[in-house]
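Student: I would like to go through the labels used for this model and see what each one rests on. Where do we start?

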Amino acid sequence: MTSLPAADLQLPLFVYAQKDDLTGKSAWIALQEHHRERARHFRLDRLFAADDKRGERFTAEAVGIYLDYSKNLVTSETMVLLMQLARQCGLQDRIDAMYRGERINLTEDRAVLHTALRLPAHERLVVDGEDVVAQVQEVLGRMETFATKVRNGQWLGHTGRPIRHVVNIGIGGSDLGPMMAHEALRHYSQRELSLHFLSDVDGAALLETVRDLPAQETLFIVCSKTFTTLETITNANAARQWLVQQLGDEQAVARHFVGVTTNIEEASRFGIDPHNMFGFWDWVGGRYSMTSAVGLSTMIAIGPQHFRELLAGFHAMDEHFRSTPLERNLPAILGMLTVWYTNFFGAASQAVLPYSQYLKRLPAYLQQLTMESNGKHIDVNGQQVGYQTSPVYWGDNGINGQHSFYQMLHQGRQLVPCDFIGFCRPLEALGQQHDWLMANMFAQGEALAFGKSAQQVREEGTPEALVPHRVFDGNRPSNSMLIDRLTPYSLGTLVALYEHSVFTQGVIWNIDSFDQWGVELGKQLAKRTARQLIDHQQPLHHDSSTNALIHRYRASNRPVGGQARAA
């Protein structure tokens, strides 16, 4: 059991600040020299030729994930220096502080305890005098009761019909996480239930979502901790209006809306029964919330038992990250490789390429996880950083990507490190299709690493004028991750792997990976601008470009009586 200070005890910022600037650390300086003198000249074909065991040595395995990082521009010396840098930046101390529940989210003075969402029920973690595990388990128990009622048809809508359609209304982590999990675990879902996800305030998003849904059988889950998130509440109000119009009774709201929120007063005013509200805590960031009550739609889809298996997978990777030496620690290895390419090779982006149709939403989920966490220019001391932080994360399911953007990966000028993710056994066996799928994954990693020389192209009988066009330089780095099978457990391990890789990067860059002030300014300006678009009498005080755009928009909306007319 861990006991922490009372809420009014302020933890000083210097506890977590690095003792000297990142670029002044001896390991950083050694890495700069290593890159300048050797690493920038590395060729993967030569590294493999010099070490016939390289493909076995540069690997790590834990909790069902086999990581092959041999196709990276690294040697044993590189990895030693990277882990020295991690230690000089206090990575293990920061890991321990997070797991103890210390307030490592410095700008918001909050603990970061998404790992507590996955702790087994028998464990205890006391923060500010409260056992957070007991709180988590209480909400999980209520979620399980509710999800079971929906799944077995006991939960009835206003007209007495069971629920057959569930619409999750959220934004950011309250949308991307549940959507990704539902797609990834569709194989395990109850097919009689259809799930839909609504986040965009474009009216078309709502209308297309509900167009073919019978209101009598539709349940809306409103995910907003404060119940004031503009996009979410705008959509919730529109959905409420649609439901009442369809069923003709305000009382219907209580049987067709539930809330994932802590604002009981606002949600009650909306019409949600307090018994059907599921809360979570300030120490759960939105992009880390898919294992909280935000996962209610996931639990309804796959069932409580499979949801518990998902939590167990997260917890297994949490424990691996917490207790494994850095040299064999999967998140630490991935995180430090990202630092290596971002800060020493100038790589501006990283591709995530799952060879699984079920994981098609994983790259979009990881975009928020990585870039909202580490897209920062200020360190924990409030000082401007003098180095690049988060790269751009992007990607698609691998086969689709091969006929879309792989051309750039192979022959473009940008260095784009790639993460390949594949499974040894398919969930849906159909002839030899899985063998073909995985053959493509292995071939793409090989092609990126070793390419094809002009001599090889000529030996194929290629006309001399076409030889330069068919040369592949190779030497493009990648990681390959192999997992036995896509299950709730293995999905948990995979997502937690990326969570902790992002944390590792943030520690090295000495930034707060758990705030997101960068999303606020645009939202604040949008509120003011929305009033000006609705009321054409409102004066404009923007720059000349924004003013001109608003004038153009107003003219197209044909104001009637000073108000814009709805389409």
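Tutor: With a term: helices are DSSP runs of H or I, at least four residues in length, numbered from the N terminus. The model is a predicted one. In that numbering, helix 7 (173-184), helix 9 (230-247), helix 15 and helix 21 (520-534) each supply at least two residues of the lining of the largest pocket.

Student: Which helix gives the most to that lining?

Tutor: Helix 21, with three residues. The largest pocket holds about 910 Å³ of space and is lined by 36 residues, with Thr229, Gly286, Gln516, Glu520 and Lys523 the closest to its centre. Its lining has eleven nonpolar, 15 polar and ten charged residues.

Student: Why are helix 15 and helix 20 called roughly parallel?

Tutor: The axes of helix 15 (residues 362-374) and helix 20 (residues 488-509) cross at roughly 25 degrees. Angles under 35 degrees count as roughly parallel, so the label applies to helix 15 and helix 20. Their axes come within 10 Å, and the crossing is right-handed.

Student: What makes Leu366 and Tyr498 part of the contact?

Tutor: Contact means heavy atoms within 4.5 Å. Leu366 of helix 15 and Tyr498 of helix 20 are among the residues that make the contact. The residues of this contact divide into nine nonpolar, five polar and one charged.

Student: What is the volume of the second largest pocket, and which helix gives the most to its lining?

Tutor: The volume is about 500 Å³. Helix 18 gives the most to the lining, with four residues. Among the residues closest to the centre of this second largest pocket are Glu428 and His434.

Methods. Residues numbered from 1 in each chain as written. Predicted model: local features only at pLDDT ≥ 70, side-chain atom pairs only at ≥ 80, totals over all residues. Heavy atoms only, no water. Axes fitted to C-alpha atoms, helices over the stretch in contact; angles between N-to-C directions. Parallel < 35°, antiparallel > 145°, perpendicular 65-115°, else oblique. Left-handed = near helix turned anticlockwise from the far one by under 90°. Nonpolar A, V, L, I, M, F, W, Y, C, P; charged D, E, K, R; others polar. 1 Å grid on protein atoms, 1.4 Å probe; cavity = no way out; pocket = protein on both sides within 12 Å on 5 of 7 lines; lining within 4 Å. Points joined across faces, edges and corners; volume = space filled by probe spheres on them.
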